[in-house]
Amino acid sequence: MEKNRKHPLIEEFTFFSISVLVALVSFAFINAVLGDYPKAIIDMLMAVFLAAALITVHAVKSNALVIITIRSLIAICMVFLLTMFVTGGYAQSGIFWVAVFPIMAFYFDGKTNGVRWVFAFFFVSSVATALIMLNILPSVYNYPAGWTTVQQAYLIFLLLSVLTYRYALRHDKDNEAIASHFRIDQLTGLPNRTQLLDDVHASTNPTLVLMNIDRFKDINHFFGNDIGNLVLAAIAGKMTAFSSHDHVCLYKLHADEYAFLAEGMTLDDVLEKVRYYHAFIENTFYAHDDYTISVNVTFGIAQGKENLIEHADMALKTARAENSEFSVYNGPNTLDERYRQSINWTRKIKENIMEQRVVPYYQPIVNVKTGVVEKYECLVRIIERDGTVVLPEVFLDVARYSKFYSYITRMMVRKSFDTFKDKPYEFSINLTAEDISNVATVQYIKTKLADYGIAGRTVFEITESENVKNYELVSKFIAEMRTLGCKFAIDDFGSGFSNFAHLIQLHVDYLKIDGSLVKNIDTDPASRAIVETIVTFAGKLGMHTIAEYVHSSAVFDAIRTCGIEYSQGFYHNKPLPGLSEHELPNA
């Protein structure tokens, strides 16, 4: 794309040329009307020459050729004006056309080269004029106005040269200030992403390291943005102090991200420096009033010019996902494929939401003692245009990262409510911590509960996992919804993050025992012992128990002997798109 970008001088040269063309054509017309045909012809010849020059500049493809072409035109113009100056031109006023030259030189070739052009013009014209006045060099035309006119022309020429030079000088300073503003991070004073892109483009064997501050938004939230900015500036100052000695360029990118660019450095050397940087930053503390702030950082590393920043960003995301200090991009691999799939599914999720292809499937929950279906769990699916049923493990994580998750939850709520509005069954819908903390989603649920009037048969399942960190928020949500008549279940209890103390605080109605404990309960004594303990504990708290992943008669018999009240799994039936399709083969 860089090669196809037109040189900025083309637009300026075009504007200048068209203005002069209009003037020349006007002069030619006036001279022709006045009967001065030689002048009219000369004016038209100059207009044709300038038009040819304009077409030439637009025809060349290379920026280097554009500059060469414009400089050639300046040289031709100089020769033409010199001829007019030393000969008096084709009229007395022709000598004053020299005033155009310093404007052209400085405007189109910059301050430094403009000085050279003006000096060359002044030197040659002075020598030629002196030789003509001494009758050493013959003149094609005699000076019609004498030496006084030449003096006036020189004065105008020098005055315009000085004024144009001062304008070019100020213009360069303004451009440098603007370029500095757009290439420097105003908070830290470090080069920004724009400068990094240019430096990567100019490098030959680069290594890029991206550094991100972990959970920096927590610092902003607790201490405020002003203190967060002070921390960012302090990190930049400390990193600048020693990165310069390592022949590494330091950059400040967006938000809480920094970059290090090294040229011709081996991967082993880079890793050594990354480990040093990591230890240095994490062992540095930033004092504020009575608080001491420390930060943790993660690094992504990539080498080679091709897609360098994108590869380093992929490595950074991998390191954060794997909870490691750093990650190195090792070329095309499954990481590329993972991100391609993620991007593809982000697009597909959006399309399926807009086309209402997010639908609930229903799996029955059976009373263990009676064998009667008393409840259903609503499980999310996507039905693609070709009829393919997509399971949630394929798209839910992508939906969370792409911020479409709340739309999926709301669609599930609306469609599930619509299914059970005139059915006698209880039904459960899964909610995550993200749903509960989303004010818009919570308000949507309240609105739909009021619209459908089925709160008494609605059960919300909350996953017991490491994502449930704010138990106070969850407990508040449960208490608020229970006043409307809703019930609650803890899903996947026993999956590895169970907390009995938190379970007591939440006051839920159902405890759904995770399939990892249920699926082998008929053969694994340890699983059976854990399940029995959970059942006893739940009973003392007045909670009902539901076994998930019941896939065989042996497992069903085992959960029945353990005292579990409800059973759910493929042994009874798989999730299906409609309630009428459920015919229980086993109960």
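Mentor: Happy to! Let's start with Ser 527, which touches Leu 517 and Ile 521, leaving aside residues up to four places away in sequence. Keep in mind as we go that this is a predicted model. Ser 527 sits in helix α19, which spans residues 525-540. Its relative accessible area is 7%, and because the cut-off for buried is under 20%, Ser 527 counts as buried.

Now follow the helix to its packing partner. Two packed helices are described by the angle between their axes and the distance between the axes. For α19 and helix α20 (residues 553-562), the angle is about 45 degrees and the axes lie 10 Å apart. The two helices are therefore oblique to each other, and α19 passes α20 in a right-handed crossing. On the α19 side, the contact is made by Arg 528, Val 531, Glu 532 and Val 535, which meet Ala 558, Thr 561 and Cys 562 of α20. By type, the residues of this contact comprise four nonpolar, one polar and two charged.

A disulfide is a covalent bond between the sulfur atoms of two cysteines. Searching the whole structure turns up zero of them. Elsewhere in the chain, Cys 378 is buried, at 2% relative accessibility, whereas Cys 249 is partly exposed, with a relative accessible area of 40%.

How values were computed. Residues are numbered from 1 along each chain as its sequence is written. This is a predicted model: local features need pLDDT of at least 70, side-chain atom pairs count only at pLDDT 80 or more; totals for chains, interfaces and linings use all residues. Side-chain values use heavy atoms; hydrogens and water are left out. Helices (H or I, at least four residues) and strands (E, at least two) are DSSP runs, numbered from the N terminus. Buried means under 20% relative accessible area, exposed over 50%, partly exposed in between (1.4 Å probe, protein chains only). Contact means heavy atoms within 4.5 Å. A disulfide is a pair of cysteine sulfur atoms within 2.5 Å. Axes are lines fitted to C-alpha atoms, for helices over the stretch in contact, and angles run from 0 to 180 degrees between N-to-C directions. Angles under 35 degrees count as roughly parallel, over 145 as roughly antiparallel, 65 to 115 as roughly perpendicular and the rest as oblique. A crossing is left-handed if the near helix is turned anticlockwise from the far one by less than a right angle, and right-handed if clockwise. Ala, Val, Leu, Ile, Met, Phe, Trp, Tyr, Cys and Pro count as nonpolar, Asp, Glu, Lys and Arg as charged, and the others, Gly among them, as polar.
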